[in-house]
Amino acid sequence: MILTSPFNLRKTVYYTILDTERGVRGPDDRMFSNGYESDSDIADRMRELVAGDIQVNRRPSKWVETRIVSVLPPKTSATADNAPEAT
(Lines give C-alpha, C1' and ligand atoms only; values in the text may rest on other atoms or scores of the structure.)
Protein backbone atom coordinates (compact mmCIF):
# COMPACT_ATOMS: atom_id res chain seq x y z
CA MET A 1 0.00 0.00 0.00
CA ILE A 2 1.04 3.57 -0.58
CA LEU A 3 -0.40 6.17 1.77
CA THR A 4 -0.18 9.89 1.03
CA SER A 5 -1.08 13.11 2.81
CA PRO A 6 -0.97 16.61 1.30
CA PHE A 7 1.84 18.92 2.42
CA ASN A 8 0.50 22.23 1.13
CA LEU A 9 3.39 24.46 2.29
CA ARG A 10 5.69 22.75 -0.20
CA LYS A 11 2.98 21.87 -2.72
CA THR A 12 3.80 18.17 -2.47
CA VAL A 13 2.75 15.15 -0.42
CA TYR A 14 4.13 13.08 2.42
CA TYR A 15 4.02 9.37 1.62
CA THR A 16 4.82 6.02 3.14
CA ILE A 17 4.81 2.54 1.67
CA LEU A 18 3.37 -0.34 3.70
CA ASP A 19 4.94 -3.67 2.82
CA THR A 20 2.42 -6.15 4.21
CA GLU A 21 4.57 -9.18 3.33
CA ARG A 22 7.55 -8.04 5.40
CA GLY A 23 5.51 -6.04 7.91
CA VAL A 24 7.45 -2.80 7.44
CA ARG A 25 6.77 0.74 6.35
CA GLY A 26 8.88 3.62 5.06
CA PRO A 27 9.82 5.63 1.98
CA ASP A 28 11.04 4.05 -1.24
CA ASP A 29 14.72 3.21 -1.68
CA ARG A 30 15.45 5.87 -4.33
CA MET A 31 17.55 8.93 -3.54
CA PHE A 32 15.18 11.10 -5.61
CA SER A 33 11.74 9.50 -5.98
CA ASN A 34 9.70 9.88 -9.12
CA GLY A 35 6.76 11.39 -7.25
CA TYR A 36 3.60 10.49 -5.38
CA GLU A 37 1.54 13.61 -6.10
CA SER A 38 -1.14 12.19 -8.43
CA ASP A 39 -3.12 8.98 -8.83
CA SER A 40 -1.13 8.15 -11.97
CA ASP A 41 2.17 8.70 -10.06
CA ILE A 42 0.99 6.31 -7.36
CA ALA A 43 -0.12 3.73 -9.94
CA ASP A 44 3.34 3.96 -11.55
CA ARG A 45 5.07 3.48 -8.17
CA MET A 46 2.82 0.49 -7.40
CA ARG A 47 3.82 -1.11 -10.71
CA GLU A 48 7.48 -0.51 -9.81
CA LEU A 49 6.95 -2.04 -6.36
CA VAL A 50 5.25 -5.14 -7.77
CA ALA A 51 7.99 -5.52 -10.42
CA GLY A 52 10.69 -5.20 -7.75
CA ASP A 53 12.20 -2.06 -9.29
CA ILE A 54 11.74 -0.16 -6.01
CA GLN A 55 11.11 -1.29 -2.43
CA VAL A 56 10.81 0.09 1.09
CA ASN A 57 14.07 1.73 2.10
CA ARG A 58 16.07 -0.58 4.39
CA ARG A 59 18.06 2.08 6.24
CA PRO A 60 17.35 1.59 9.95
CA SER A 61 16.25 5.20 10.47
CA LYS A 62 13.65 4.86 7.70
CA TRP A 63 12.52 1.23 8.03
CA VAL A 64 9.86 0.76 10.70
CA GLU A 65 8.48 -2.65 11.64
CA THR A 66 4.72 -2.48 11.48
CA ARG A 67 1.84 -4.69 12.57
CA ILE A 68 -1.22 -3.89 10.45
CA VAL A 69 -4.38 -4.61 12.38
CA SER A 70 -6.96 -3.52 9.81
CA VAL A 71 -7.36 -1.45 6.68
CA LEU A 72 -10.39 0.79 6.40
CA PRO A 73 -11.74 2.32 3.19
CA PRO A 74 -11.33 6.10 2.90
CA LYS A 75 -14.17 8.22 4.16
CA THR A 76 -16.28 9.84 1.49
CA SER A 77 -18.85 12.52 2.04
CA ALA A 78 -21.59 9.87 1.71
CA THR A 79 -20.06 7.56 4.33
CA ALA A 80 -18.66 10.27 6.63
CA ASP A 81 -22.16 11.25 7.76
CA ASN A 82 -22.99 7.67 8.83
CA ALA A 83 -19.58 6.67 10.21
CA PRO A 84 -19.13 6.38 13.98
CA GLU A 85 -16.75 8.79 15.70
CA ALA A 86 -13.22 7.51 16.36
CA THR A 87 -12.27 7.29 20.00
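Aspartate 29 is partly exposed in this predicted model, with a relative accessible area of 28%. Its salt-bridge partner is arginine 30. The closest N and O atoms of this pair are 3.9 Å apart. Arginine 30 is also partly exposed, at a relative accessible area of 41%. Both values lie between the 20% and 50% cut-offs, so neither residue counts as buried or as exposed.

The pair belongs to a wider set. A search of the whole structure finds 4 salt bridges. Another of them links aspartate 19 to arginine 22, with 2.8 Å between the closest N and O atoms. Here the two partners fall into separate classes of burial. Aspartate 19 has 18% relative accessibility and counts as buried. Arginine 22 has a relative accessible area of 31% and is partly exposed.

A further salt bridge joins the side chains of arginine 47 and aspartate 44, at 2.3 Å from N to O. Both residues sit in helix 1. They are 3 residues apart there, so about one helical turn separates them. Arginine 47 counts as exposed, at 52% relative accessibility. Aspartate 44 counts as partly exposed, at 29%.

The overall fold can now be set out. The protein chain contains 2 helices and 4 strands. From the N terminus, the order of elements is β-β-β-α-β-α. Of the 87 residues in the chain, 22% are buried. The accessible surface amounts to about 7100 Å². Carbon and sulfur atoms hold 53% of that surface. Among contacts with a separation of 6 or more, 48% join residues 24 or more positions apart.

Isoleucine 2 has contacts in several parts of the sequence. Residues up to four places away aside, isoleucine 2 touches Thr16, Ile17, Tyr36, Ile42, Arg45, Met46 and Leu49. The C-alpha atoms of alanine 43 and isoleucine 2 are separated by 9.4 Å. Along the chain, the two residues are 41 residues apart. Alanine 43 itself is partly exposed, with a relative accessible area of 29%.

Arginine 45 lies in helix 1. Its relative accessible area is 6%. This is under the 20% cut-off, so arginine 45 is buried despite its charged side chain. The side chain of arginine 45 reaches the backbone oxygen of glycine 35 at 2.9 Å. With neighbours within four places in sequence left aside, arginine 45 is in contact with Ile2, Asn34, Gly35, Tyr36 and Ile54.

Threonine 16 is found in strand 2, which covers residues 12-19. At 15% relative accessibility, threonine 16 counts as buried. A polar atom of its side chain lies 3.3 Å from the backbone nitrogen of glycine 26. Beyond its neighbours within four places in sequence, threonine 16 is in contact with Met1, Ile2, Leu3, Arg25 and Gly26.

Together with Ile68 and Val71, Met1 and Leu3 make a nonpolar surface patch of about 310 Å². Valine 71 is placed in the loop between strand 4 (64-65) and helix 2 (77-80). At 52% relative accessibility, valine 71 counts as exposed.

How values were computed:
Residues are numbered from 1 along each chain as its sequence is written. This is a predicted model: local features need pLDDT of at least 70, side-chain atom pairs count only at pLDDT 80 or more; totals for chains, interfaces and linings use all residues. Side-chain values use heavy atoms; hydrogens and water are left out. Contact means heavy atoms within 4.5 Å. Buried means under 20% relative accessible area, exposed over 50%, partly exposed in between (1.4 Å probe, protein chains only). Accessible areas come from the Shrake-Rupley method with a 1.4 Å probe; for residues, only the protein chains shown count as cover. A polar contact is a pair of N or O atoms within 3.5 Å; within protein, one must be able to donate a hydrogen and the other to accept it, and residues adjacent in sequence count only if both atoms are side-chain atoms. Patches are made of residues with over 30% relative accessible area and no salt bridge: like charges are joined within 9 Å, nonpolar side chains (Val, Leu, Ile, Met, Phe, Trp, Tyr) within 5 Å.
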